[in-house]
Amino acid sequence: MSKNIVKKILKLSYSSSARTYRVTVHYSDGSVRRTTLDRVIMEVHLNRKLTHDDVVMFKDGNSKNVAYKNLELMTRKEHHQKIGNIAYQKHGGKSKTNPNLKLDYFKNIDTTEKAYWLGFLAADGCVKENGYVIQFGLKYDDIETVKKFAITIGMNSQKIKIYNCRASKTDPKIHRAVYINFHNKVFYNNLFQHGIVPRKSKILRLPVCIKNNNNLLYAFILGYYDGDGYITGKTTGSICSGSKEFLQDVKNALHIEKYDIKKKKKCYILHFDKSIMKLLFESYEDSLPRKRLLNNIYEMKNKNLNN
């Protein structure tokens, strides 16, 4: 197979009623070549029906060689994994689009900064096995925090994307949000070993690497709080999760006896008092400014009321 195969990918536009596949070849220089292939003949040659989930590539990397024997069929999942492996081997594990990416940043969680960002990713991060994708996003007001994360891991902060979304399907209001999205096998695997896995919402657990170190533990939970937590008027903090086991891990690690885990709609909630909030905010000083400011405001209000 040609080493340039990653540059020449067939993407199919398929209709079950159509006689043909319209095939598009994308080149690294931005040029595009389109070819129409007979669907029935392709299905006979490949000995199976074609679906939306199919990707076809040239075996020899030569897009001009459209002979059916030169076509290789795979699912989109197989395709993403293959492209990820080719890129990994070609660039020595480094990201082509982010050459300064710190691949082993999360290999060992040995600083409060790493623990904080790992907690934030546990709440608001997303990883996908197809292509070893890592994604992290927040609402537009927190764009500086997304930039800070990008810079921390050595990613080009200019690649931050802005998009419009709704908080829920029934929400008529459009909100602006920001995110970064990149793919790298080494980075993905390092996160995976700490429990940041695909579809983690209901199976998340507290990482073993931070359980026996209070500084790392507090910083991790602070990062998670900044992603999926809130504060009440009495400076009582709360975090929510789709995984009851995760909140039980946190409850046990922080020795919380005053509050029980509660079920609310589709998630679980754990509260903790202001003494724990104090420990969390002291563990890492460069946390999300918006929530740190809100905590300070509530603390001042409570002091004034007590006086």
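## Basis and overall composition

The model is predicted, so that local features are reported at pLDDT of at least 70 and side-chain atom pairs only at pLDDT 80 or more, while totals for chains, interfaces and linings use all residues. Residues are numbered from 1 along each chain as its sequence is written, and side-chain values use heavy atoms, with hydrogens and water left out.

The secondary structure of the protein chain comes to nine helices and 13 strands, where helices (H or I, at least four residues) and strands (E, at least two) are DSSP runs numbered from the N terminus. Of the 307 residues, 45% count as buried, a term that means under 20% relative accessible area, with exposed meaning over 50% and partly exposed lying in between (1.4 Å probe, protein chains only). Among contacts between residues at least 6 apart in sequence, 58% join residues at least 24 apart, a contact being heavy atoms within 4.5 Å.

The axes of α3 and α6 come within 7 Å and cross at roughly 35°; axes are lines fitted to C-alpha atoms, for helices over the stretch in contact, and angles run from 0 to 180 degrees between N-to-C directions. The crossing of α3 over α6 is right-handed, whereas α3 passes α4 in a left-handed crossing; a crossing is left-handed if the near helix is turned anticlockwise from the far one by less than a right angle, and right-handed if clockwise. On the α3 side, the residues that meet α6 include T112, L118 and F120, and those on the α6 side include N215, A219, F220 and L222. By class, this contact of α3 with α6 has 11 nonpolar, five polar and three charged residues, with Ala, Val, Leu, Ile, Met, Phe, Trp, Tyr, Cys and Pro counted as nonpolar, Asp, Glu, Lys and Arg as charged, and the others, Gly among them, as polar.

Helix α3 (residues 112–124) and helix α4 (residues 143–152) have axes that come within 12 Å and cross at roughly 125°. The two helices are therefore oblique to each other, given that angles under 35 degrees count as roughly parallel, over 145 as roughly antiparallel, 65 to 115 as roughly perpendicular and the rest as oblique. E113, W117, F120 and L121 of α3 make the contact with T145, K148, F149 and T152 of α4, a set with four nonpolar, two polar and two charged residues.

## Helix α8 against α6, and S283

The axes of α6 and α8 come within 8 Å and cross at roughly 95°, and the pair is therefore roughly perpendicular. N215, Y218, A219, I221, L222 and Y225 in α6 meet M277, L279, L280, F281 and S283 in α8, and by class this contact has nine nonpolar, two polar and no charged residues.

S283 lies in helix α8 (residues 274–283) and, at 13% relative accessibility, counts as buried. The side chain of S283 reaches the backbone oxygen of L280 at 2.6 Å, and a polar atom of that side chain lies 3.3 Å from the backbone nitrogen of A219. Not counting residues up to four places away in sequence, S283 touches T112, N215, Y218, A219 and L222.

P207 lies in the loop between α5 (185–192) and α6 (214–228), and at 6% relative accessibility P207 counts as buried. Leaving aside residues up to four places away in sequence, P207 touches L118, H194 and F220. The C-alpha atoms of P207 and G195, which are 12 residues apart along the chain, are separated by 6.4 Å.

Note on methods
A polar contact is a pair of N or O atoms within 3.5 Å; within protein, one must be able to donate a hydrogen and the other to accept it, and residues adjacent in sequence count only if both atoms are side-chain atoms.
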